[in-house]
Amino acid sequence: MTVNVEQLRIEDYKQLLNAMKSAYANWQGSFWSLEAISRLIDKFPEGQLVVKVDGKVVGSALSIIVNYKDFGDNHTYAQITGNYSFDTHDKKGNVLYGIEVFIDPEYRGLRLGRRLYDARKELCEHRNLEAIVFGGRLPNYHQYSDKMKPKDYIEKVRKKEIFDPVLTFQLANDFHVKKLLRNYMPEDKESKEHATLLQWDNVYYEAPSVHNVFQKEVIRLGLLQWQMRPYPSLQDLFVQLEYFVTTVSAYKADFLLLPEFFNAPLLADYNHLHEAQAIRKVAEFTPELRDRFHELAIRYNINIITGSMPELDGNDLHNAGYLCHRNGKIDRYEKIHVTPDETKYWGMTGGDGVKVFETDSGNIGILICYDSEFPELGRILAEQGMEILFVPFLTDTQNAYFRVRHCAQARAIENECYVAISGSTGNLPKIKNMDIQYAQSAVLTPCDYAFPTNGIRSEATPNTEMVLIADVDLSLLKELHHQGSVKNLKDRRHDLYEVRVKGPNESPRGIQTNGLNLNAG
C-alpha cells in the first residue's frame with residue numbers, strides 16, 4: 001500500500017466526488033461541483049490537498065486564506081466563502097481557513113486525516129500565517145440534542161464522555177474550541193445548524209517588521225493632463241516632464257499617471273517619413289525615457305506610471321509603458337487591444353499580458369485607453385485583487401473621449417475599485433495622425449453611500465494643461481465589498497459563467513475574446 005498527500009488536480013474530481021459521497025452518506029445537501037473545485041484550484045492551488053492510497057483519492061482538505069479581521073468570530077460558512085464563490089480568498093490574508101476535510105469511511109483508521117492536517121500545518125507555517133481556523137461540524141449532536149445544549153455536548157466530547165467523529169478528531173490534532181457558532185451551515189441537519197469555531201495557532205508565526213506594519217489606506221493620486229506642443233529635442237521634452245514630477249511629488253502624491261503617447265511631439269522631426277517609419281524612430285527613445293523615469297521615481301519618492309510609448313520588440317511594434325516604483329523596481333505593461341488606426345497607420349501589435357502590480361500603496365491595474373472598453377480585462381484584474389485601475393488615454397474628439405470615460409466609470413462600479421484616467425490636450429498640426437486632442441482627466445469611484453453620488457471623486461478642467469490631485473480611501477472598497485448596497489463581485493453567477501485568461505495551448509471553448517474566454521455553463 002502506498003499513501004501520498006498531493007495537491008488536488010482537476011483530473012482528480014471524479015474520484016474526489018466518489019470519496020465525498022462515501023464520507024457524507026447521510027448528507028442532505030449538495031456536493032462540491034466541478035466548477036467550484038476548479039475555482040478553488042485557480043485561486044489557491046497549494047491549499048487544495050488530497051490523500052491517495054495506491055493512486056486513488058480517498059480524502060481531501062480544502063482551504064482558502066482570509067483576512068480574518070474582515071469576518072471576526074461571528075460568521076457563517078456562506079459569509080466566509082463568499083457564498084461559495086471563494087472571492088473571500090485573500091493572498092495577503094493572515095489566516096488559513098479550512099472549508100472542507102473528509103476521509104472515505106473505508107479508509108479510516110489509517111491516520112490519513114492526520115496526514116492532511118500535518119500538510120495544512122506545514123502550509124500555514126510556510127506561508128507565515130497566524131493560524132488555521134474553521135467551523136467544525138457536530139455530526140453526532142442530533143443524537144443528544146433533546147438531552148443537552150450544544151455547550152454541554154462540546155464539554156462531554158472534550159472529556160471523552162461522548163465521541164464525535166469531527167470534534168474528537170480536531171481536539172486530538174491540537175485544535176482548541178474558540179466558541180460555538182449558531183446557524184453556521186443551515187443545511188447541516190445532523191449538527192442542528194451548530195458548529196464549533198476551532199483554531200490551531202502557528203507558534204512559528206513572525207509578525208511583519210515595524211516597517212511593514214503600517215498599511216496605507218488613504219492613497220494620493222496625481223494625474224497629469226498634458227498639453228501636446230512642439231519640443232526641439234528629447235531633453236526639452238523631459239525638462240517639462242520633470243517639472244510636473246516635481247510638482248506632483250511636492251503634494252506628497254503616491255502615484256503620478258501620464259497620458260498615452262505623451263511623447264508624440266517627438267514625431268515632428270520625422271514627419272517627412274511614412275507614419276509607420278516615423279513611429280518606429282520615436283520608439284528608439286523609449287529605453288532612455290524609461291531609464292529617466294526610473295531615476296525620477298527614486299529621486300522624488302513617487303510611483304510613476306509612464307502612460308505609454310511606442311516600443312520595438314524585434315520587428316513588432318507595441319504600445320507599452322512602465323510602472324517605475326519609488327523603491328527602484330520597474331514593471332512593464334502593454335496595450336492588449338490596438339485600435340484600427342494603430343494597426344492601419346503604424347502596424348502595431350497587441351500584447352498578451354494582464355496582471356495586477358503590487359505597490360507600496362495598494363494593488364493596481366493598468367489598461368491603456370482602448371483596453372478600458374473591454375470589460376473582461378477589468379474583471380480579470382479584479383480577480384487578482386486590483387484596488388486602483390489606471391487608464392492613460394489619447395483621444396482626439398469628445399465622442400472618443402466619452403467612450404473611454406463611460407467605460408472607465410463602468411469598470412469602477414462592476415469591479416468595486418477606483419479608476420484614474422489621464423489624457424492629453426492641445427494640437428500637433430505638423431504631425432500626421434496626431435492633429436488634435438481632447439481630454440478631461442478624472443478619478444472615478446463606485447456608486448454607493450460611501451462614495452460620491454455621481455461616482456466622480458475629482459475631475460480636471462476640460463482641455464486645459466494641469467495636474468489633478470485626489471485622495472482615495474482603500475478601506476471604503478473593503479466595506480463596499482462586504483456591506484455594499486449591491487455586491488457586484490460577490491453576486492456573480494459562477495455556476496453560469498466565468499472570465500479567465502486562456503492558456504497558450506488551450507483549445508477554444510465558450511465565447512472567445514482575443515485570448516480571453518467567457519465560459520457559459
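Trainee: What share of the contacts in the protein chain with a separation of 6 or more comes from residues 24 or more positions apart?

Mentor: 69%. Contact means heavy atoms within 4.5 Å. One caution: this is a predicted model, where local features need pLDDT of at least 70, side-chain atom pairs count only at pLDDT 80 or more, and totals for chains, interfaces and linings use all residues. Residues are numbered from 1 along each chain as its sequence is written, and side-chain values use heavy atoms, with hydrogens and water left out.

Trainee: How many helices and strands does the protein chain have?

Mentor: 14 helices and 24 strands. They are DSSP runs numbered from the N terminus: helices are H or I with at least four residues, strands are E with at least two. The C-alpha trace spans about 90 × 45 × 40 Å along its principal axes.

Trainee: And what percentage of the residues count as buried?

Mentor: 53% of the 521 residues. Buried means under 20% relative accessible area, exposed over 50%, and partly exposed in between, using a 1.4 Å probe and protein chains only.

Trainee: Let's start with β2. Why is that strand largely enclosed by the rest of the structure?

Mentor: Five of the five residues of β2 (residues 49–53) are buried, so the strand is largely enclosed. L49, V51 and V53 point one way, V50 and K52 the other. Side chains in a regular strand alternate between the two faces of the sheet.

Trainee: Which strands does β2 pair with?

Mentor: β1 (residues 3–7) pairs with β2 in the antiparallel sense over five bridges. β3 (residues 56–66) is also antiparallel to β2, again with five bridges. Strands pair if DSSP finds at least two bridges between them.

Trainee: What is opposite L49 in β3?

Mentor: A61. β2 and β3 form a hairpin with two residues between them. In that turn, D54 has a positive phi of about 50°.

Trainee: Where does G47 lie?

Mentor: In the loop between α2 and β2. G47 counts as buried, at 1% relative accessibility. Setting aside residues up to four places away in sequence, G47 touches A61, L62, S63 and L123.

Trainee: New topic. In what order do the six strands of the open sheet run?

Mentor: β14-β15-β16-β17-β19-β20, with mixed pairing. β14 and β20 (456–459) stand at the edges with a single partner strand each, so one side of each has no neighbour in the sheet. From one strand to the next, the twist averages 20°.

Trainee: How do β19 and β20 run?

Mentor: Antiparallel, joined by three bridges; β19 covers residues 442–444. L444 stands opposite I456 in β20. α13 packs on the sheet, touching β16 (388–392), β17 (418–422), β19 and β20. The direction of α13 makes about 165° with that of β17. Axes here are lines fitted to C-alpha atoms, for helices over the stretch in contact, and angles run from 0 to 180 degrees between N-to-C directions.

Trainee: R405 is in α13. Is it buried or exposed?

Mentor: R405 is buried, with a relative accessible area of 8%. The helix holding R405 covers residues 398–415. Not counting residues up to four places away in sequence, R405 touches I421, Q440, A442, L444, I456 and E459.

Trainee: At what angle does α12 pack with α13?

Mentor: About 35°, with the axes 10 Å apart; α12 covers residues 375–383. P375, G378, R379 and A382 in α12 meet R411, E414 and N415 in α13.

Trainee: Last one. Where is S361?

Mentor: In the loop between β14 (357–359) and β15 (362–366). S361 counts as buried, at 0% relative accessibility. Its contacts beyond four places in sequence include K216, D254, N303 and R326. The side chains of S361 and R326 make a polar contact at 3.3 Å. That term means a pair of N or O atoms within 3.5 Å; within protein, one must be able to donate a hydrogen and the other to accept it, and residues adjacent in sequence count only if both atoms are side-chain atoms.
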